[in-house]
Amino acid sequence: MKEIITYVAKYKTAAGFALFLMAFELVVELIQPVIMASIIDKGVVQRDIGSIGFWGAVLLGISILAFASGILNSFFASKVSQGTAYDLRRDVYERIQRFSVMQIQRFAASSLITRLTTDVTQIQSLIFMAMRIMLRAPLFIIGGVIMAFTINVQLALILAAFVPFLLLVMLFLMTKGVKLFGSVQAKIDRLNSIIQENLLGIRLVKAFLRSSFETNRFRKVNHSLMETNQRALQLMEAVMPVVMLGMNAGIIAILWIGSNQLEIGDAQPGEVVAILNYATRILGSFGVFSFLLMNFSRGKASAARITEVLLEHPEEQLDKSDQREQRLSGQITFENVSFCYPEAKQPALQGVSFSADAGEMVGVIGETGSGKSTLAQLIPSLFPVTRGGIFLDEKPIESFESQQLRRQIGMVPQQAHLFSGTIRENLLWGNEEASEKEVIQAAEDASIHDYIKSLPRGYDTVIGQRGINLSGGQKQRLSLARALIREPKILILDDSTSALDANTEAQVLQALRRRSCTVFVIASKISSVKNAEKILLLKHGELEASGPHRQLIEQNAYYRMIYQSQSEVEVFEHARNES
Ligand SMILES: Nc1ncnc2c1ncn2[C@@H]1O[C@H](COP(=O)(O)OP(=O)(O)OP(=O)(O)O)[C@@H](O)[C@H]1O
């Protein structure tokens with residue numbers, strides 16, 4: 001909560017105005033019963049019409065002023081709450097951009113989405129209420145008791161006896177509520193992650209006829225969310241009946257003692273009416289207070305979740321373009337590299353050593369789960385190595401700023417991910433300063449230029465949700481062109497030619513050879529990497545063998561076996577296509 005308060009402090013002028021106006025409304029509320037008492041005692045009881053008119057006008061005047069300040073208060077309260085929510089969203093988002101892949105994995109993407117949306121909205125409404133009514137309710141309860149003492153000490157003592165007891169009940173329930181609302185938010189995280197998974201894999205869900213299964217999975221989490229929410233709300237709702245009971249008992253006591261005082265002439269009727277007025281208004285304030293506490297409990301849980309992100313030290317820097325770059329040649333060495341994912345039991349890579357010269361093409365093959373993608377992700381330092389070292393131009397990878405490094409490394413991931421917008425925008429995402437000539441050259445090298453030209457709007461064709469849909473191979477090639485626009489010194493193709501036919505794949509790889517960059521081609525088929533200068537064969541995270549195709553065929557039985565089995569499949573498929 002402390003961090004959130006520092007955000008609110010930025011709007012201290014608006015917050016000051018809002019609190020001042022709220023205090024004015026509070027004062028009006030507090031003196032209204034006193035004026036009512038004057039109308040009754042000086043006007044009604046003594047039949048003084050002038051006095052009724054005067055005090056009536058005063059009451060009306062301050063009520064109108066209170067109404068106007070209420071409107072102004074809302075204006076300032078929303079300025080503070082909206083501004084704070086905007087700043088929080090901006091800062092949390094910026095911080096997430098600087099998180100390492102490991103940090104994002106630890107928080108979970110769905111949880112970060114909930115924190116950025118639901119949690120920030122919760123804080124926003126809490127701040128609005130705090131500026132608008134939150135302080136008014138407890139202050140009225142305290143102020144009401146104090147004012148009652150100025151009118152009639154004996155009757156005020158009854159109020160003073162009930163109020164602290166009820167306040168304690170509320171605070172007790174509130175501490176329980178904070179915990180429950182914390183778990184409500186965690187369940188919203190889970191719900192979001194299920195929705196996200198489902199919508200991202202909707203084609204798979206439909207193809208596998210898993211809609212009912214998915215609906216069931218969702219229903220379970222949704223039900224559990226409802227139950228926790230209900231438990232939290234029931235706890236909060238239990239507050240009101242307890243408070244009503246307590247306060248109504250107090251009102252009866254005031255009526256009883258008040259009527260006795262009236263009988264013996266110890267009190268004026270207006271005094272008793274005023275104290276009753278305070279008692280009913282305090283009861284109303286308790287109602288508002290319990291509602292506020294519910295929001296406070298929620299807001300506090302959300303504040304803790306947002307603060308957790310704000311206090312997490314980002315492991316990376318935001319992209320800066322004005323840095324002096326250490327240019328890479330493309331030479332890279334792995335020295336006894338081991339890597340273990342956080343919380344994984346087995347290392348994904350173990351003792352891997354190899355070296356690639358600048359401009360070489362390096363094939364990486366191995367069965368599924370052998371560590372190929374992991375190896376690829378270590379090169380742009382998406383994860384730090386657990387043991388051993390990676391060297392670029394003989395300098396340890398840690399000596400490079402991660403941005404400098406990544407600016408010179410192109411990565412084409414397994415799953416081609418494009419953004420909504422035009423083809424040109426998607427390509428320039430790789431390098432905003434690229435010229436039209438460079439854009440076209442990259443598209444030509446990725447064998448996608450002719451296709452783009454065949455579209456009616458060419459490079460200005462909109463893709464994504466509001467535009468055309470692309471095939472897997474077209475996406476892969478656009479994704480490759482986007483990486484080439486960066487003019488990388490090291491290019492990593494993580495199984496990203498898998499959707500291309502053999503001819504196009506060969507054409508693309510040939511074009512890459514003309515560029516002066518070291519290319520890592522991760523593939524499942526040996527035929528994709530046969531012409532590479534060096535092939536790394538991974539097995540269970542270890543480097544089984546490395547060398548050119550011919551050497552591996554001659555010297556490694558495991559490689560030979562994979563090659564033969566893949567050749568047989570190819571011959572079989574070829575024969576089937578012929579027939
Ligand atoms: N983010 C992750 N967190 C934890 N473990 C992971 C993560 N990514 C991969 N692994 C594990 O690391 C090992 C190597 O995975 P990797 O993705 O590198 O294999 P791969 O050879 O690229 O497989 P494929 O050919 O199927 O893509 C696997 O056992 C996998 O379960």
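Is the crossing of H2 and H11 right-handed or left-handed? The crossing of H2 and H11 is right-handed; a crossing counts as right-handed if the near helix is turned clockwise from the far one by less than a right angle, and as left-handed if anticlockwise.

1. Basis of the note. The model is a predicted one, in which local features need pLDDT of at least 70 and side-chain atom pairs count only at pLDDT 80 or more, while totals for chains, interfaces and linings use all residues. Residues are numbered from 1 along each chain as its sequence is written. Helices (H or I, at least four residues) and strands (E, at least two) are DSSP runs, numbered from the N terminus.

2. H2 against H11. Helix H2 (residues 12-44) and H11 cross at roughly 155 degrees, and their axes come within 8 Å. H2 is therefore roughly antiparallel to H11. Angles over 145 degrees count as roughly antiparallel, under 35 as roughly parallel, 65 to 115 as roughly perpendicular and the rest as oblique. The axes are lines fitted to C-alpha atoms, for helices over the stretch in contact, and the angles run from 0 to 180 degrees between N-to-C directions.

3. H7 against H11. Between helix H7 (residues 153-200) and helix H11 (residues 269-311) the packing angle is about 20 degrees, and the axes are 8 Å apart. These two helices, H7 and H11, are therefore roughly parallel to each other. Their crossing, that of H7 and H11, is right-handed. The residues of the contact of H7 with H11 comprise 20 nonpolar, 6 polar and 3 charged. In this division Ala, Val, Leu, Ile, Met, Phe, Trp, Tyr, Cys and Pro count as nonpolar, Asp, Glu, Lys and Arg as charged, and the others, Gly among them, as polar.

4. Leu 167. This residue lies in helix H7. With 16 other C-beta atoms within 10 Å, Leu 167 is partly exposed. A residue is buried if 20 or more other C-beta atoms lie within 10 Å of its own, exposed if 12 or fewer, and partly exposed in between, with C-beta atoms placed from the backbone. Leu 167 and Phe 289 are 122 residues apart in sequence, and their C-alpha atoms are 9.6 Å apart in space.

5. Helix H6. The 16 residues of H6 (residues 136-151) should span 22 Å at 1.5 Å a residue, and the end C-alpha atoms are 21 Å apart, which agrees. The expected span is 1.5 Å times one less than the number of residues. The buried residues of H6 are Arg 136, Ala 137, Phe 140, Ile 141, Gly 144, Val 145, Met 147, Ala 148 and Ile 151. They cover an arc of only 170 degrees around the axis, which puts them on the same side of H6; the arc is that of the directions from the helix axis to the C-beta atoms.

6. Positive phi values. Most residues other than glycine have a negative phi. Ala 108, although not a glycine, has a positive phi of about 80 degrees, and its place is in the loop between helix H4 (101-107) and helix H5 (109-134). His 540 likewise has a positive phi, near 50 degrees, and lies in the loop between strand S11 (534-539) and strand S12 (542-547). His 540 is partly exposed, with 15 other C-beta atoms within 10 Å.

7. Two buried residues. Ala 348, in the loop between strand S1 (332-339) and strand S2 (349-356), is buried, with 22 other C-beta atoms within 10 Å. Val 529, in helix H19 (residues 526-529), is buried, with 24 other C-beta atoms within 10 Å.
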